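Me: I would like to learn how to read this model feature by feature. Please give the general idea each time, then the case at hand.

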Amino acid sequence: MRKVSYVVLFCLAALTSLSSAFATSSYLNLARQRYPRITGTRLDSCNLCHTGGSSRGLYGQAYQNSGRNFAAIESQDSDGDGFINLSELNALTFPGDRNDFTKTNLYFPSVSNTASHFTGFAITNTSSDRATLVLSAYRSSGQAVPGGAGVSGYKILEMPAHSQIANLAYELFGSGLQLDGGWVRLASPHAGVLGFSLNFDDRLGSLDGTTAPASAPANLILPELKSVEIALVNPSETQTVTANLIPFDDQGRQQNPLSVQIPANGRYAGRSETLFPSSFIDAGGYLKVSASGGIVAEESIDSSGDEVSTLGGIDVSGGGLQLYSPQFAAGGNTWRSTLTLINLENSPTSLTLSFISNDGLELGKSTTIDVGANARLVISDPSVFGLPAVPDNLLEGYVRIASSATRVAGVVTFGDPADTRFRTSLPCVAQGGTDLVFSQVAVDDTWFTGLAAVNANSVPADVTISVFRTDGSPAATGYSRIEPNSRFSKLLTQLVPNLPLLGKGYFTVHSSQPLFSFAVFGTQSLSVLSAIPPQ
Ligand SMILES: [Ca+2]
């Protein structure tokens, strides 16, 4: 009898643990059904809810306490790491482990894949570790792009150390992808991932790129209001945001604001001339966006022809007392530049502007201009420096901007004099860097890549330019010296000897002194041109 009891007890115990295992695996099945992307990943195990053995972890406890309702705990942060459970599951980080969370969040605010418009992504893993990343595509409604025939709403990438990918949206999400003005989130539990995207049309008549921002502030400025399409993304996965669009004129006077609601994961797009009276827009001005939560903002300026230049939103708390426009070029029938500066504070300032040549010599004379509270100053030719508005010969260099009282931000737009063939924009920079990464390089029969760098220091800068293939292996290296207050603007082929033809890849700039720098790439025929800020 006793033996039989042991056997019975043993079997009961085995059954109990078996049934608990069955329960766990059926809960895991439910998790897979609700979050299909976890299937086959490191989250696809008992460890999602349990911390080794059978004891529940923080997420497992929350699931139990909710009456086993995944939806009910999606907006909770069970492990207190600052990321809600839904974000963690979407980013493939453990919602019950406070040491495991998204270290890189990047936002690509304008993504299209239609018969005529495409988006390309260049993503670089700059770290010496392998990185897992999850790309998620959303429609403007906030709906995740649904999976179906030839399309998936998400893409999981495993990137070796120092590697790069350059792919079109449909190469990542499938040839069935149909997206007209959506957006993409990149999340990774690894740090050191950088992104850049390019939007272009099928004729390569227009192309422009922007670096993917890694943060979503609540207060931003879009520096142009005329002939622009504004795009705002709400990256919250659970909360609607209210965004107030507040137009300012060049004198800093606020006009009637417009309020828009953007659903969770949603995107709002609108053209300035349909949003605000033309009498106001035609006079210039800029837009302040003030939202109830973090947002990502971008504007595309298309004032002439089909040439587009894209600018990311400027964080209102950013800018600086000293700024550099790393490019200003005018004349010689080749270039025209427009420098736009905005006083970010509610009190007046004076801006002293100096135009400095590549050799470090002042071009014309420095000028000081009073700028009112919240006002905007537009410099569209070099006449403010006492030079001809359209110089016969090319004048090229950089502009230093010093503000007497308040933080200012700015952008420079440059293109051909008629502004119809090519045009691109760059933010002005307050702080230089010694280690810069440019997430894209293209050097072949069709494409060129150029690099400009300003050494605004009083000592020479020794610069190493290293070009890498997509697998992270070095392709070629070049060395340059930039004298104090000087600048170079050259083709990558001039700076890096023995550079092989490359359609993809990336490059880094290491300097002994902080530099203000940017890259440009475009077609050899200059039908398109895109400037790339460093990251
Ligand atoms: Ca976590």
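Me: How far apart do the C-alpha centres of domain 2 and domain 4 lie?

Reply: First, the ground rules. This is a predicted model, in which local features need pLDDT of at least 70 and side-chain atom pairs count only at pLDDT 80 or more, while totals for chains, interfaces and linings use all residues. Residues are numbered from 1 along each chain as its sequence is written. Domain bounds come from an automatic or database domain assignment. Here that assignment gives domain 1 (2–90), domain 2 (104–211), domain 3 (219–315), domain 4 (318–422) and domain 5 (432–535). The C-alpha centres of domain 2 and domain 4 are 34 Å apart.

Me: Which residues touch the most other members of the largest nonpolar core?

Reply: A nonpolar core is a set of buried Ala, Val, Leu, Ile, Met, Phe, Trp, Tyr and Cys residues joined through C-beta atoms within 7 Å. Buried means that 20 or more other C-beta atoms lie within 10 Å of a residue's own; exposed means 12 or fewer, partly exposed is in between, and C-beta atoms are placed from the backbone. The largest core here has 138 residues, and Leu222, Leu232, Val289 and Ile295 touch the most other members. Strand S31 (residues 506–523) supplies the largest share of this core, nine residues. Strands (E, at least two residues) and helices (H or I, at least four) are DSSP runs, numbered from the N terminus.

Me: What is Leu222 in contact with, leaving aside its neighbours within four places in sequence?

Reply: Contact means that two C-beta atoms, placed from the backbone, lie within 7 Å. On that count Leu222 meets Ile230, Tyr286, Leu287, Val289, Ala297, Glu299, Leu311 and Gly313.

Me: What is the strand order in the open sheet of four strands?

Reply: Two strands pair if DSSP finds at least two bridges between them. The order is S22-S19-S24-S25, with antiparallel pairing. Strand S22 (376–379) and strand S25 (423–427) are at the edges with a single partner strand each, so one side of each has no neighbour in the sheet. From one strand to the next the twist averages 15°, where axes are lines fitted to C-alpha atoms (for helices over the stretch in contact) and angles run from 0 to 180 degrees between N-to-C directions.

Me: How many bridges join S19 to S22?

Reply: Four bridges join strand S19 (residues 336–343) to S22. Across them, Leu341 stands opposite Leu377 and Ile342 opposite Arg376. With strand S24 (residues 408–415), S19 pairs over eight bridges, also in the antiparallel sense. There the bridge partner of Ile342 is Ala409. Six of the eight residues of S19 are buried.

Me: Which residue takes a positive phi in the hairpin of S28 and S29?

Reply: Gly472 does, near 90°, in a hairpin with five residues between the strands. Strand S28 (residues 461–468) and strand S29 (residues 474–482) run antiparallel and are joined by eight bridges. Ala461 stands opposite Ile482.

Me: Which residues of helix H2 are buried?

Reply: An α-helix has 3.6 residues a turn, so residues three or four places apart point the same way. In H2 (residues 58–65), the buried residues are Leu58, Tyr59, Gly60, Ala62 and Tyr63. They pack against helix H3 (85–90). Gly67 follows H2 and has a positive phi near 75°.
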